[in-house]
Amino acid sequence: MKDLSRRQLFEKAGRFLILSNAAAAALNSAEPNPYSTADHWWGMTIDIDQCIGCGNCAAACQAENKVPEEFHRTWIERYQVQGDDYQHPQVESPHGGREGFTPLPESAAKSFYVPKLCNHCATSPCVQVCPVGATFESPDGVVLVDESYCVGCRYCVQACPYGTRFIHPEKQVADKCTLCYHRITQGLTTACAEACPTGARKLADLKDPKDPVHEFLRTNTIQVLKPQMATGSKVYYKNLDGAVR
Amino acid sequence: MLMGPTGVEGFMYPNEVELQWSVLIVLYPFITGLVAGAFILASLERVFKVEAVKPTYRLALLTALAFLIVAPLPLQMHLGHPERSFEMYLTPHRSSAMAMFGFIYLWYLMVVLLVEIWLDYRAEIVHRSQTSKGLLKFVYTLLTLGSKNVSPGALRLDDRVGYIVTLIGIPSAFLLHGYVGFIFGSVKANAWWSTPLMPIVFLFSAMVSGIAAVMLIYMAVSWYQKRPIDMRCLDTIAKYLFYVFLIDFSLEMLDLVHRIYEADESFHSLDFMVHTRLFFSQVVLQIWIGTILPLALLAVTQVRTFTEAVRRGIYASAGLLTMVGIFAMRWNVVIGGQLFSKSYLGYTTYKLEFATREGLLPSILLMILPFLILWTLVKLLPPFEERHSL
């Protein structure tokens, strides 16, 4: 290795400093890609066959969003259907499925798990009825509640066909799934989707042409909950059984 | 089905276990119904020229006012953030049925009821402001609003404007209570509520309860003030009560028959509820004791002749039973609509508490309050005295 004279050392060190400063400045000045609500239209896909009822999603949601113990922003239901009696399924959701389910004894019944959450409807009945507009639909398709504006009249809870809303016992305002808005606007996925070990639930951006949601919708049998309600639900279930309410 | 520890039977969505709307929300349609019904009874005399009910004209207006003043209180007490309720006036959400409440309420209070009462009493208020002493003189002087002209021309104008206000008031009364029915009837997520008949049923039941209430209050005030009851007036009110009640009952039965015949996906759930948790309040209280029995009593007075004392007894019994029936109907709509799961797979229980914000005690106090207001109003603006012609 060539020995450096003092002069050369200062020259090289100076250049290094200038270049690293310039690089740091360039990095700092580079605008991080800003989130634009106009570029997204959020929803979720749920693959019924992939859900194992572990409850990780509901537990993760509770931890991430500080959901009060007795209420649920998302939960899992276990269905058991005997033969052709799809009108009277046996359904349970102990603690919203947060702690998983006890194994079923051997039986002839068909059983499966159905994760539930706010359907972030495009024409939400909850948004329609809110008397002050505290519940609103964001331009990127997420139904949110302005906690500082909600009067706590509970009309939205009555209007939701899916039972996804509740009144926060301390805040006394309507509370619900935000689709982890604080995360998805930072480029992350939802807490529930991140915690799902089988990939049964996935955040979907319907405006992103590269999002796998398009392939998912195109190649599978898709249903939304209570389609007769015509709410424009954006939670798409693959292979949803007719017994599901 | 198994009964869970929280009173849940079958499966409810996890957030559904607790009821959202309590007995306070039962009071809301009950009270606004009395307001609308009392006003419509008053308009019978003013607009439809049913002279026989004239003795109750002013009493009906004062009753409507007393109950209207109390109407928003149960709503206000129920809100999670009552301090924000004014936002409904400032930034109403136009697609929300509930957002219109404040405007309809204010319209009815400020444009219809207060104006009509003031115009009708103005000559007496002026007279009393001149003849009273002390605090009363001050109160009556305030009530004149500075308008002391009681010339025959001015009184004719009062009468004419009052007539127009009553004309506006009839559709407004329909709006006030039909709108309350719409708040429930337009919730498509709830099969018990969601029917276009709801505003119509609410409207007719409002008339029934308002007419029965004014009839009872008229009898009570007459008894208390030892005034003879105008039997022609009482007979006429009872006749109107009977006919309006018949329409109301027919509409409710139409709704019931329609549900039974159609038997859609919600029917099994609702049918089970009516036969179990709502059996007493719906079948026993509302239909048998609160509707069929008073209708039968009123029907008998239409086809048989009784002495005045017997008729008074029958009317009082029928009126009281009617009030029980209409209250039960409000209860069954509001509470009943929340006892079953939107999954149609389970049922919950309503636990009525006593001395809590939404308990029985505040509800009882809220139901006493309009009578205290009415007592004050009757003292201040006597409804039975001869009109003062100056």
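**Labels and the values behind them**

Trainee: Why are α8(B) and α12(B) called oblique to each other?

Mentor: Take the angle. Helix α8 (residues 197-224) of chain B and helix α12 (residues 308-334) of chain B pack at about 140°. Angles under 35 degrees count as roughly parallel, over 145 as roughly antiparallel, 65 to 115 as roughly perpendicular and the rest as oblique. So α8(B) and α12(B) are oblique to each other. Their axes lie 9 Å apart. Axes are lines fitted to C-alpha atoms, for helices over the stretch in contact, and angles run from 0 to 180 degrees between N-to-C directions. Helices here are DSSP runs of H or I with at least four residues, strands are runs of E with at least two, and both are numbered from the N terminus.

One caution on the source: this is a predicted model, where local features need pLDDT of at least 70 and side-chain atom pairs count only at pLDDT 80 or more, while totals for chains, interfaces and linings use all residues. Residues are numbered from 1 along each chain as its sequence is written, and chains are lettered from A and ligands numbered from 1 in the order in which they are written.

Trainee: Which hand does the crossing of α8(B) and α12(B) have?

Mentor: Left-handed. A crossing is left-handed if the near helix is turned anticlockwise from the far one by less than a right angle, and right-handed if clockwise.

Trainee: Which residues of α8(B) and α12(B) make the contact?

Mentor: From α8(B), they include B:V208, B:A212 and B:L216. From α12(B), they include B:R312, B:G319 and B:M323. Contact means that the C-beta atoms, placed from the backbone, lie within 7 Å. By class, the contact has twelve nonpolar, four polar and one charged residues. Ala, Val, Leu, Ile, Met, Phe, Trp, Tyr, Cys and Pro count as nonpolar, Asp, Glu, Lys and Arg as charged, and the others, Gly among them, as polar.

Trainee: What makes α1(B) roughly parallel to α13(B)?

Mentor: Helix α1 (residues 23-46) of chain B and helix α13 (residues 360-380) of chain B cross at roughly 20°, and their axes come within 9 Å. That angle makes α1(B) roughly parallel to α13(B). The crossing is right-handed. The contact uses B:V23, B:L24 and B:L27 of α1(B), against B:L360, B:S363, B:L366 and B:M367 of α13(B). Six of these residues are nonpolar, one is polar and none is charged.

Trainee: Why does B:G153 count as exposed?

Mentor: Count its neighbours. B:G153 has 9 C-beta neighbours inside 10 Å, so it counts as exposed. A residue is buried if 20 or more other C-beta atoms lie within 10 Å of its own, exposed if 12 or fewer, and partly exposed in between. B:G153 is in helix α7 (residues 152-185) of chain B. Its C-alpha atom is 59 Å from that of B:L339, 186 residues apart along the chain.

Trainee: How do you know that strand β9 (residues 201-205) of chain A is mostly covered?

Mentor: Four of its five residues are buried. Across chain A, buried residues make up 41% of 245.

Notes: Contact = placed C-beta atoms within 7 Å.
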